[in-house]
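Please look through the chain below before reading the points that follow. They are meant for someone who has not seen it before.

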Amino acid sequence: MCLTHQYHHRSNHGPIVQFKLSDIGEGIMEVTVKEWYVKEGDKVSQFDSICEVQSDKASVTITSRYDGVIRKLYYDVDATALVGKPLVDIETEASAELIQEEDVVETPAMAREEHTHQEIKGHKTQATPAVRRLAMENNIKLSEVVGSGKDGRILKEDILNFLSKQTGAILPPAPFQDIRTPPTAPPPSAAPRPTSAAMVSRPGPAGPTGPRPVFTGKDRMEPLKGFHRAMVKTMTAALQIPHFGYCDEVDLSQLVQLRSDLKSTSEGRGVKLSYMPFFIKAASLGLLHFPILNASVDEGCQNITYKASHNVGVAMDTSQGLLVPNVKNVQLLSVFDIAQELNRLQTLGAAGQLGAADLSGGTFTLSNIGSIGGTYAKPVILPPEVAIGALGKIQVLPRFDPSGQVVRAHIMAVSWSADHRIIDGATMCRFSNLWKDYLENPARMVLDLK
C-alpha cells in the first residue's frame with residue numbers, strides 16, 4: 001500500500017503534508033479504515049503506525065514517513081477510503097527543501113506504479129523510500145536484488161533475504177520490519193484457527209472458553225466488505241467450474257514418527273514444525289510429475305498456462321474470514337524452509353497483517369479442515385487455479401499390517417477437487433497416489449528433495 005502526498009505551508013507552522021490513497025492495483029478503488037493508531041494532535045515519528053486499512057485483498061498497516069504532528073484524519077473507523085482522496089494530514093518538522101526533494105522521487109503521477117522508481121545502471125527498479133533506505137543502510141545495491149513484488153517491485157523481504165544470503169544469517173520467521181504490532185494487542189479470538197497446520201490434537205468443545213452464543217433483539221443488515229466481498233466474487237467465479245471430486249485416506253504412521261523425531265530440532269532453531277510442511281512439499285514433488293495441476297486457465301478456458309513456480313496456498317480461518325496466503329517457490333524449499341515460512345504467515349494472519357504479496361500468486365491450494373474437526377470435505381477451487389485438496393483430521397484407527405495383524409495407524413482422509421474441463425479423473429488419482437506414497441514412506445522424499 002502506498003500513499004502519495006501534497007504539501008502546503010501555513011504561517012508560523014511547519015509544512016503540512018497531505019497523503020492521498022494511491023492506486024494500489026488489481027482494480028481496487030477503495031479500502032475500509034479498520035483502526036486508527038493516532039488521533040489529531042498526536043506526535044508521530046517515521047515508521048510509526050498511523051492506521052490499518054483493508055481491501056478485498058489484504059490488510060495493510062500504514063506508517064508515517066515523517067516526524068510531525070497529526071493535524072487531520074479524513075475518515076472514521078469502518079468508513080470507506082477512496083483511491084486518490086486524502087487520508088491524513090501531517091504537520092511535519094522537516095524543511096520545505098526536504099519535502100520538495102521527497103516530492104521529486106514520489107509524485108502523484110507515479111502513484112499508479114505504487115512505488116517509486118529509480119534508474120540504476122540503465123535498469124529501472126521499483127522500491128519504496130523505506131526499502132531504499134534499508135538497502136542503503138546495509139550497503140546493498142538495488143540493481144543486484146531481484147524483486148518479488150508486482151512488476152518486479154523490490155520489497156523489504158527481498159532486501160532481508162538478499163542480506164541473509166550474503167551473510168549466511170538465518171532470518172527469524174517474522175521479521176520486525178514485516179510485522180508491525182498495533183498499539184493494542186488483538187483479542188485472543190483474532191488469532192487464526194490453524195487451518196494451515198495439521199495437528200493431531202483437537203480443539204475443545206464450545207463452552208466457557210469457546211464461542212459464546214449471541215442473542216440479538218432485532219434483525220440487522222450490513223454491507224459485505226473486505227474479505228467477505230472478495231469471497232463472494234471468488235466463489236461466484238468458482239461456481240462456473242465443473243468440479244471433479246476424489247477422496248482417499250493416507251496412513252501417516254511413519255510421518256508421525258518422523259515429525260516427532262524432528263520437532264525438537266526444529267523448535268531449537270526457533271521454528272514450529274507441523275505436518276503441513278510435509279504435505280506441501282509432497283504436493284510440490286507430485287506437481288513436478290503432473291504439471292497440469294499447477295496451471296491456470298483463462299476466463300474462457302481457451303488457454304492454459306503451466307506455472308513454473310509452485311506457490312502452494314494454505315487456507316487459514318481467521319477473525320477476518322477465510323484467507324489463503326501461499327508459500328512461494330516450494331519447489332526450491334526444504335521442509336524446514338516451508339515450516340519457517342508457514343510460521344511467518346501464521347503470525348501475520350494472527351495480527352491481521354497479511355499483505356497482498358502473501359495472498360496473491362497462488363498456483364495450488366491445500367486446506368486443512370481437519371484442524372477444526374472435519375474428516376471429508378468438498379473443497380472449492382480458487383480460480384484461476386485448477387486443483388485444491390482438503391485434509392481431514394488425523395485419527396488413530398485399527399488397520400491390518402502386511403502380515404494381517406491389526407495395528408494402530410494414524411489415518412488421515414484427503415479430498416481433492418479438480419477442474420474437470422482440463423483434468424481427468426485418472427490424472428487426479430495418479431497425483432493423489434504419488435502424494436500419498438511420499439507421505440506414507442517419507443524416507444522416499446529424500447531421494448527427490450532439491
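How many salt bridges does a search of the whole structure find? The search finds nine salt bridges, a salt bridge being a side-chain nitrogen of Lys or Arg within 4 Å of a carboxyl oxygen of Asp or Glu.

1. Basis. This is a predicted model, in which local features need pLDDT of at least 70 and side-chain atom pairs count only at pLDDT 80 or more, while totals for chains, interfaces and linings use all residues. Residues are numbered from 1 along each chain as its sequence is written, and side-chain values use heavy atoms, with hydrogens and water left out.

2. Confidence. The average pLDDT of the chain is 77, and 74% of the residues score at least 70; pLDDT is the predictor's confidence in each residue, from 0 to 100. Residues 96–123 have pLDDT below 50, and this stretch has 65 contacts in the model beyond near neighbours in sequence. A contact means heavy atoms within 4.5 Å. Residues 167–208 also stay under 50, and the model gives them 87 contacts beyond four places in sequence. Where pLDDT is low, the predicted coordinates should not be read in detail.

3. Overall make-up. The chain contains 10 helices and 21 strands; these are DSSP runs numbered from the N terminus, helices being H or I of at least four residues and strands E of at least two. There are 450 residues, of which 46% count as buried. Buried means under 20% relative accessible area, exposed over 50%, and partly exposed in between (1.4 Å probe, protein chains only). Of the contacts between residues at least 6 apart in sequence, 62% join residues at least 24 apart.

4. Nonpolar cores. A nonpolar core is a set of buried Ala, Val, Leu, Ile, Met, Phe, Trp, Tyr and Cys residues joined through side-chain atoms within 4.5 Å. The largest has 53 residues, and Phe279, Ile280, Leu293, Phe364 and Trp435 have the most contacts inside it. Helix α6 (residues 276–289) supplies the largest share of this core, eight residues. Another core lies apart from it, with 21 residues, including Val44, Val60, Leu73 and Ala81.

5. Salt bridges. Glu91 and Arg71 form a salt bridge, with the closest N and O atoms 2.7 Å apart. This pair links distant parts of the chain, since Glu91 is in strand β9 (residues 86–92) and Arg71 is in strand β7 (residues 68–73), 20 residues apart. Glu91 counts as buried at 10% relative accessibility, whereas Arg71 is partly exposed at 36%. Arg421 and Asp419 meet in a salt bridge of 2.7 Å, N to O. Asp419 is buried at 0%, and Arg421 is partly exposed at 37%. Asp42 pairs with Lys39, the closest N and O atoms being 3.2 Å apart; Lys39 counts as exposed because its relative accessibility is 54%. Salt bridges also link Glu341, Arg344 and Asp358 in a network.

6. Surface. The chain exposes about 22800 Å², with carbon and sulfur atoms supplying 54% of it; accessible areas come from the Shrake-Rupley method with a 1.4 Å probe, and for residues only the protein chains shown count as cover. Met231, Met235, Leu322 and Val380 make a nonpolar surface patch of about 290 Å². Patches are made of residues with over 30% relative accessible area and no salt bridge, with like charges joined within 9 Å and nonpolar side chains (Val, Leu, Ile, Met, Phe, Trp, Tyr) within 5 Å. Leu322 lies in strand β17 (residues 321–323) and is partly exposed, with a relative accessible area of 44%.
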